[in-house]
Amino acid sequence: MDDLFLLIKSMTEAEKKHFRQYAVLQGGESNYLRLFNFIDSLDEYSDEVVKATFSGEPFVKQLSVAKNYLNEVILRTFRISAGEDSAESTLQLMMLDIRFLMSRKCLSQVKKLLKRTKKIAEDQENFIVLMNIYALERNLLTEFRFEARDNITFDSIAEEEALTIDKLYNVNTIYNIYCKAKILTTSTRRTLNDAVLLKEFDALFEHPLMQDEKTALSVRAKHWYWSSIHFKHVYNSEPEKDLVCCKEHLALFEREQNFAASRPLSHMTVINNVLEACRATNQIELAATNLELLKQFKPTNKRDEEGQLIYCAHHGMWIALRQGRNQDAVQLAMMERDRLKGKIALRKDSVIIQYMMIVIVAITARNWLLAIEVINILLSIPKNGIREDVLEHAKLLQLCVHIETKQYDIAASLHRNIRRSASPYPLISFLLDYYKEVLKDPSRLHELNLRYRTQLKTDNIRPPDEFPELLFMVQSLITD
């Protein structure tokens with residue numbers, strides 16, 4: 001794939017509008033704006049198509065140069081708007097302003113802006129920016145000592161720097177543990193019994209800094225500490241402990257308002273983690289309370305807004321199912337299906353998981369048309385764009401629809417195909433065994449339902465951690 005084509009196609013409509021406004025201000029209908037609009041209109045990219053469309057234009061003779069220039073202009077517009085997107089970007093831009101003012105010897109402005117930037121960096125615990133600020137303060141003392149001496153000294157800089165280095169080492173160590181835990185959690189599960197990975201995962205939490213939140217020297221470090229512990233409980237399938245952990249994590253954000261304001265996506269993710277823990281422990285009332293908290297969240301950009309919509313719809317659907325409000329769940333599912341149209345091309349895990357949830361809702365409520373429509377969307381995704389386990393689950397849901405709508409010939413072939421590649425999750429094996437007997441003799445359905453309902457209850461069969469509603473769906477399917 002062409003890099004420029006991928007970049008343009010990844011842009012939101014708001015970002016494209018911002019780019020076009022910038023391009024017009026720079027020079028009207030410029031060549032790079034025309035090239036941008038044409039590439040944006042393509043479904044597939046080819047240099048030959050571009051050259052044929054702009055044949056006779058001087059810039060197309062050096063198309064690679066024109067594309068590189070367009071790429072740079074796009075990045076430039078992102079940099080211009082970066083300060084609007086995050087507090088961290090705002091700090092970086094303030095640092096650029098300070099360096100510019102220093103180069104012009106506007107020292108009065110430098111000292112005012114440096115003081116303000118330092119306060120923001122301290123509030124946000126942005127230790128990298130603080131280290132750069134200490135370097136600038138030393139430069140002020142060294143090069144402009146008379147103008148700056150009244151505010152700072154070399155010794156005070158050294159003391160602050162030493163404390164910041166300790167905090168930086170502390171947070172980086174905990175963050176490194178978090179990153180390793182996240183990769184292991186998202187790539188495998190303890191239930192797969194990989195001895196090497198199990199040992200590697202457990203070793204992470206033997207580190208001295210992971211024994212107690214008090215070892216974290218900053219709010220940032222505490223944030224990554226609780227994030228790591230969350231993955232520990234998810235990996236070990238400890239939902240009750242995870243709920244306690246997630247509530248502590250959310251309490252941290254509620255106490256530290258400045259930190260929360262500087263990391264809105266992290267704040268929203270923590271609320272989502274609380275909801276997921278409520279889901280795993282069947283804490284419906286607490287989940288409903290936190291869903292309202294999530295709905296009240298004020299996103300600051302399109303990415304956070306999209307995340308909020310995904311989270312709210314996802315949790316709204318499972319809460320409605322647990323409360324027996326199947327038609328409310330279906331209504332939410334249909335609204336989300338309409339909202340997500342076209343977004344599957346992004347191949348985001350969050351969108352794919354959302355489609356899975358919509359199918360589970362549809363099957364539980366016996367809305368076969370909605371179920372098969374969304375299953376077909378999932379099965380149309382190229383294999384390199386969807387996780388193997390999710391693809392298996394989608395095929396299983398397809399099998400459910402075929403059997404429940406009495407398309408037994410199609411179902412028998414699909415059952416054999418799934419059986420050969422079945423995942424180790426007990427609930428999936430249970431459902432495959434049930435459908436095997438149904439396919440042998442559909443007339444015994446009442447007898448089979450009675451036997452398998454009893455087995456489901458007595459064996460305490462667990463669903464996949466990521467899709468706990470599969471259990472409720474299966475319970476609804478083996479009910480007469």
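This is a predicted model: local features need pLDDT of at least 70, side-chain atom pairs count only at pLDDT 80 or more; totals for chains, interfaces and linings use all residues.
On the H15 side the contact is made by Pro264, Leu265, Met268, Thr269, Asn272, Leu275, Glu276, Cys278 and Arg279, while H17 contributes Arg303, Asp304, Gly307, Gln308, Tyr311, His314, His315, Trp318 and Arg322. If we sort the residues of this contact by class, they divide into 7 nonpolar, 6 polar and 5 charged.

Staying with H15 for a moment, this helix runs over residues 264–281, has 18 residues, and reaches 26 Å from its first C-alpha to its last, which is close to the 26 Å expected at 1.5 Å a residue. Is H15 largely enclosed by the rest of the structure or largely open? Of its 18 residues, 13 are buried, so H15 is largely enclosed by the rest of the structure. Following the helix comes Asn282, and the phi of Asn282 is positive, near 60 degrees.

Now to the other partner of H17. The axes of H17, residues 302–322, and of H18, residues 326–340, come within 8 Å and cross at roughly 155 degrees. Because angles over 145 degrees count as roughly antiparallel, H17 and H18 are roughly antiparallel to each other; here, too, H17 passes H18 in a left-handed crossing. In this contact, Glu306, Leu309, Ile310, Ala313, Gly316, Met317, Ala320 and Leu321 of H17 meet Asn326, Asp328, Ala329, Leu332, Ala333, Glu336, Arg339 and Leu340 of H18. By class, the contact of H17 with H18 has 10 nonpolar, 2 polar and 4 charged residues.

Finally, let me place these helices in the chain as a whole. The chain holds 25 helices and 0 strands, and along its principal axes the C-alpha trace spans about 95 × 70 × 40 Å. Of the 480 residues in the chain, 47% are buried. As for contacts between residues at least 6 apart in sequence, 61% of them join residues that are at least 24 apart.

Terms used. Residues are numbered from 1 along each chain as its sequence is written. Side-chain values use heavy atoms; hydrogens and water are left out. Axes are lines fitted to C-alpha atoms, for helices over the stretch in contact, and angles run from 0 to 180 degrees between N-to-C directions. Helices (H or I, at least four residues) and strands (E, at least two) are DSSP runs, numbered from the N terminus. Angles under 35 degrees count as roughly parallel, over 145 as roughly antiparallel, 65 to 115 as roughly perpendicular and the rest as oblique. A crossing is left-handed if the near helix is turned anticlockwise from the far one by less than a right angle, and right-handed if clockwise. Contact means heavy atoms within 4.5 Å. Ala, Val, Leu, Ile, Met, Phe, Trp, Tyr, Cys and Pro count as nonpolar, Asp, Glu, Lys and Arg as charged, and the others, Gly among them, as polar. The expected span of a helix is 1.5 Å times one less than its number of residues. Buried means under 20% relative accessible area, exposed over 50%, partly exposed in between (1.4 Å probe, protein chains only).
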